Amino acid sequence: MPHFRRVLFYVFVAIYFVFCPLTILYALGYIFKPGSEQGLVKTGIIYISTAPSGATVYLKNKRFTHKTPTTLRGLLANDYSVTIRLKNHRPWTQNVPVEGEKATVLERILLLPDELKSEHLVTGPFKGLVPLQDSHIFLLTKGETLGEMIVYDWESKKFWPLLPKNSIYQNTKVLATTSIPKSSYLLFYVLDEGARKFLWVEPDARGSIIMDLAQFFSEGLTNIRWDPAKENRIFSFQAGRLHWVDTNSKTGEQKWFEGIRGYGLYEKMIYVLKQDGTFIRMNHLGGGEEILLNDPILGHSLFGSEGFFSIHVFSKDIILFLGEGGELLANRLPYRFAEGGVKGIRFFSKQNKVLVWTENKIGVLDFSKEHEGERVFERGPELFWVFKKGKNIEQAFWVYEGSHILFRDGANVYLFELETYGKPHVYDLTKVKEGDSVFYSEDSGELYYLVPETKALAGLEILPRRDLLLLPFPERREKRKPSEIEELS
Amino acid sequence: MDTFQFSPRGLASREKWLQRFFEILPGVMSWAILIGLIFLSFSNSLLAAVIMIAFYFYWLLRLFYMTTFLLIAYLRLSFEKGTDWMLRVREVDGLESDFESWHKSDSKSDFGKIISLWAHERNLETLKQSASPPPFSKDIYHLVIIPIAREAREVFEPGIQSFVSGQFPARQIVVVLALEERADEKIKQDAHKVREKYKNTFYDFLIVNHPDGLPGEARAKGANATYAAKHAAEYFQKKNIPVEHIVVSCFDADTVVGPDYFACLAYHFMISPDRERVSFQPIPVYHNNIWNVRGFTRVLEIGSSFFQLIEATNPEKLVTFSSHSMSFKALMDAGYWPVDMISDDSAIFWKAFLHFKGNYRVIPMYVTISMDVVDAGSWWKTIISVYRQKRRWAWGVENFPSVMRGFLKDTKIPLPKKLDLGFKLFAMHISWATWGFLLTVIGWLPALFAGREFSSTVLYYSAPRITGIIFNLASLALVTSIILSLCLLPKKKPKHPLRERVFLALEWLLIPFIVSFLGALPALDAQTRLMFGRYMEFWVTEKKRSVRPLHRLRQILK
């Protein structure tokens with residue numbers, strides 16, 4: 001037995017010392033290449049995942065046996081023409097570079113059907129669609145009054161009038177609508193019996209709850225906001241002054257804070273850019289003030305001397321400033337990212353990326369890529385303009401975990417492929433009436449729009465349903481208790 | 001022979017520092033491996049992934065290597081199942097000469113018997129060539145010490161009954177119930193009732209009360225056993241029974257031996273030329289209550305039995321574990337079991353090994369002894385009890401500093417042997433405390449915390465595939481273990497045989513939980529305690545057994 005044990009031991013040791021390095025080399029991408037140039041060569045891989053899955057992969061016109069998601073291994077460093085085909089879907093082709101020891105990852109290829117199927121959802125005609133960011137509802141308008149507004153819940157696919165038929169606000173004309181991402185409330189600036197005022201509304205299928213804020217808010221207020229984490233406190237800006245209203249206590253304070261040029265709200269804190277260029281953070285009551293920037297020279301060089309800045313706090317360390325003229329600044333080097341023209345921004349929290357659009361360009365500001373490499377001069381995130389051929393871009397949305405961008409350019413809605421190694425694919429999805437807003441929900445994977453001919457509400461499936469399961473669970477929404485909101489309707 | 005102080009207490013200054021250093025070393029090494037790999041998973045995921053693949057590959061080969069010896073040991077155990085050990089004892093005695101005819105008539109048709117006889121013939125040949133005539137079996141006495149602290153009568157009596165039912169004459173067995181003075185009155189009364197019941201069956205039946213708190217003693221089983229052994233030594237001296245003819249067995253209270261145990265033990269004692277320099281290690285199985293316990297404990301204890309089976313195939317490095325036997329003279333010469341250590345079962349081997357300058361070994365015996373699986377009632381209490389039991393077993397790491405001190409001091413044991421055994425002892429405890437975590441948790445961290453750089457490498461995509469292949473191959477070893485466990489378990493007449501067997505096989509899916517939380521964690525706990533000098537005292541494992549008639553003993557022994 002001792003002899004047998006010893007022999008077996010040495011056999012196993014030999015196996016380990018021969019096969020373990022080979023396994024590791026293989027794992028790292030090294031293979032033995034026979035032939036005239038024989039020897040160990042570095043290889044790379046291509047990882048391909050598609051939605052829907054099960055597509056066939058062709059590499060330089062050679063059919064690969066495995067269906068997507070799949071990994072193509074043992075590829076020598078080179079450019080490869082990859083084609084992906086799925087029955088009844090548009091083929092996807094691209095030249096993909098492969099480097100030794102590296103993985104070329106095509107993780108979220110969206111294969112669109114040959115013919116996109118539009119689903120009729122609500123018969124119109126509707127005048128417009130009011131999207132509400134990060135909400136399970138949006139508004140459909142048949143006319144200019146509150147009574148002509150319909151709430152559409154895309155989760156349940158149900159719709160109902162915003163107001164009951166007997167509401168005193170049925171004929172109130174809507175001048176502007178304000179919503180805040182992740183908030184269930186809406187603020188309407190209305191013309192009611194000749195008076196301009198604000199109405200605070202919580203849409204509910206059983207009867208929306210409305211609160212008249214006329215006694216607190218005067219005309220001329222702009223940049224009205226509230227914190228989704230503390231919805232009862234509404235802030236507004238007017239001529240360098242900040243006001244607030246508490247909808248619970250029905251109190252408010254005009255000119256609460258003076259000498260400001262911008263503000264933003266995040267997790268029960270208010271961020272204020274003061275006219276002297278200092279930037280502070282404090283709680284909603286004005287306490288716990290913390291100075292974040294106290295450098296008047298830098299403040300002045302960044303923000304200039306006039307103009308309002310809308311402050312978007314996406315996390316405690318990612319703060320963006322959007323000026324009236326479309327200037328885009330951030331609290332990261334190089335601070336100033338766009339000199340002007342930015343019409344909108346949209347944050348993708350999972351990857352710390354911000355979608356930025358101007359009239360004719362779409363860009364991505366990626367905060368996850370900062371501080372890469374060792375440089376003598378610190379280099380911050382960069383704004384990459386990924387699409388520059390727009391004419392009148394008015395809306396843009398993240399699609400499929402930040403891998404695509406859906407945008408409305410005038411009367412056309414496009415899908416733009418972001419994660420690409422070659423020329424990105426741009427798909428023409430549908431047409432809408434010039435100026436009509438659209439809405440895209442990552443949770444439902446559908447684009448909602450008004451059909452130009454009939455003005456009915458339609459839904460267009462962008463993300464296959466089964467692939468939604470792979471996405472993170474949608475945010476849980478809890479119905480708020482209307483206990484402290486007076487029902488006036 | 002100059003005496004080496006195995007005990008860690010009351011050491012001189014230099015020895016004390018050495019002791020502390022070797023106490024700290026295993027814990028530091030285990031934590032360094034775990035923390036180092038966690039840190040590396042964050043800081044250099046690629047390197048961590050490469051290390052993990054190398055480890056997985058090593059683990060796979062080690063698994064196959066161990067499975068090979070598990071199979072060999074299991075076959076050997078099966079081959080020896082029908083062996084008539086008393087017949088062999090008599091042959092060694094030279095009293096009977098029917099060996100030739102016996103093996104000629106039966107052996108050719110049974111491969112197992114051929115192997116068994118081949119081993120026997122080899123043993124006989126070795127004995128013949130030695131200048132060490134064996135004692136006659138009629139002169140051999142078995143001293144069985146059963147330490148009792150909290151164990152109820154229904155726990156220890158089946159074991160005593162099993163001695164009576166054996167092939168070896170009970171009149172040559174002396175049973176000593178080593179009773180802790182602090183034990184409950186009920187237990188003491190029960191001990192005396194059992195003595196009354198069996199005193200005329202054995203050569204003698206003694207009850208030795210071990211006083212609490214003797215100087216230099218810890219609340220450890222070894223202290224109780226040593227006190228009883230010393231008492232027995234005086235007893236044998238009075239009876240003029242030479243210690244050279246006595247084989248001592250120190251059994252846990254729940255130990256039930258098979259009918260062939262003492263015969264097999266006597267045979268191995270007689271046939272071993274160096275019988276005064278050996279311990280005898282049976283295969284511990286946990287069958288007493290195996291069908292009445294929870295699945296995870298069953299899997300765990302079958303795993304323990306398998307480990308001992310594998311160890312049995314490597315007598316050169318075998319260390320005593322749990323209930324075992326040894327030459328009483330060797331025990332006396334080595335200075336008995338340590339009175340201040342928890343792991344008395346393995347400590348006595350190392351103590352003897354150092355005392356006899358490396359001229360000491362353990363002979364594996366392919367017979368089983370059965371013990372109880374931990375059962376503390378509720379699921380949660382059982383988990384806690386199992387955890388504590390495994391921590392106590394893992395506290396065997398306390399031997400490492402004493403052994404290393406002994407090796408450093410000794411000049412006669414060959415250096416390669418010291419390195420071999422020292423490394424094995426160290427590596428065994430380190431792997432015990434780390435492998436479970438590496439396999440179930442830490443191995444996945446490089447992929448989980450992969451940075452952008454690592455996630456764009458070939459390795460990031462290859463590693464899961466390679467790991468998958470390795471784990472699939474490892475499942476072959478698992479399947480082997482499942483099949484062997486089904487073969488090893490005592491027979492039961494279940495209501496739904498197929499369903500129960502399927503459940504039994506599925507219990508092995510608990511392996512990831514078991515290796516981490518009831519394997520590695522208690523070991524890491526024990527090493528950490530030793531590292532910080534928080535020494536453990538003996539804690540009696542809860543083993544419940546419903547009171548049942550002794551006639552069920554036969555069922556246990558099947």
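Q: Where is A:P334 found?
A: In this predicted model, A:P334 sits in the chain A loop that links β28 (328-330) with β29 (336-338).

Q: And the peptide bond from A:L333 to A:P334, cis or trans?
A: That bond, from A:L333 to A:P334, is cis, and its omega is near 5°. For context, most peptide bonds are trans.

Q: What about the peptide bond from A:A51 to A:P52, cis or trans?
A: The bond from A:A51 to A:P52 is cis, with an omega near 0°. A:P52 belongs to the loop between β2 (39-51) and β3 (56-59) of chain A.

Q: Moving on to backbone angles. What is the phi of A:N352?
A: A:N352 is not a glycine, yet its phi is positive, at about 50°. In general, most residues other than glycine have a negative phi.

Q: Where does A:N352 lie, and is it buried, exposed or partly exposed?
A: The residue lies in the chain A loop between β30 (344-348) and β31 (353-357). A:N352 has a relative accessible area of 28%, so it is partly exposed.

Q: What is the phi of A:K455, then?
A: A:K455 has a positive phi of about 60°, although this residue is not a glycine either. It is found in the loop between β39 (446-450) and β40 (457-461) of chain A.

Q: Why does A:K455 count as buried?
A: The relative accessibility of A:K455 is 13%, and buried means under 20% relative accessible area. A:K455 therefore counts as buried.

Q: Zooming out: how many helices and strands are there in chain A?
A: Chain A has three helices and 40 strands. Along the principal axes, its C-alpha atoms fill a box of roughly 95 × 55 × 55 Å.

Q: How much of chain A do buried residues make up?
A: Of the 489 residues in chain A, 51% are buried. The chain exposes about 23700 Å², and carbon and sulfur atoms supply 51% of that area.

Q: What share of the contacts in chain A comes from residues 24 or more positions apart?
A: Among contacts with a separation of 6 or more, 46% are between residues 24 or more positions apart.

Q: Now chain B. At what angle do α1 and α14 pack?
A: Helix α1 (residues 13-43) and helix α14 (residues 399-409) of chain B pack at about 130°, and their axes are 8 Å apart. The two helices are therefore oblique to each other. Their crossing is right-handed.

Q: Which residues meet where α1(B) packs on α14(B)?
A: On the α1(B) side, they are B:E15, B:L18, B:Q19, B:F22, B:E23, B:L25 and B:P26. In α14(B), the partners are B:F400, B:P401, B:S402, B:M404, B:R405 and B:L408. By class, this contact has eight nonpolar, two polar and three charged residues.

Q: How do the axes of α10 and α20 in chain B cross?
A: The axes of helix α10 (residues 295-312) and helix α20 (residues 511-531) come within 10 Å and cross at roughly 75°. These two helices are therefore roughly perpendicular to each other.

Q: Which residues meet between α10(B) and α20(B)?
A: B:F296, B:V299 and B:L300 in α10(B) meet B:I511, B:I514 and B:L518 in α20(B). The contact has six nonpolar residues, with no polar and no charged ones.

Technical notes. Residues numbered from 1 in each chain as written. Chains lettered and ligands numbered in written order. Predicted model: local features only at pLDDT ≥ 70, side-chain atom pairs only at ≥ 80, totals over all residues. Heavy atoms only, no water. Axes fitted to C-alpha atoms, helices over the stretch in contact; angles between N-to-C directions. Helix = DSSP H or I, 4+ residues; strand = E, 2+ residues; numbered from the N terminus. Parallel < 35°, antiparallel > 145°, perpendicular 65-115°, else oblique. Left-handed = near helix turned anticlockwise from the far one by under 90°. Contact = heavy atoms within 4.5 Å. Nonpolar A, V, L, I, M, F, W, Y, C, P; charged D, E, K, R; others polar. Buried < 20%, exposed > 50% of the residue type's maximum accessible area, 1.4 Å probe, protein only. Areas by Shrake-Rupley, 256 points an atom, 1.4 Å probe, with all protein chains shown as cover.
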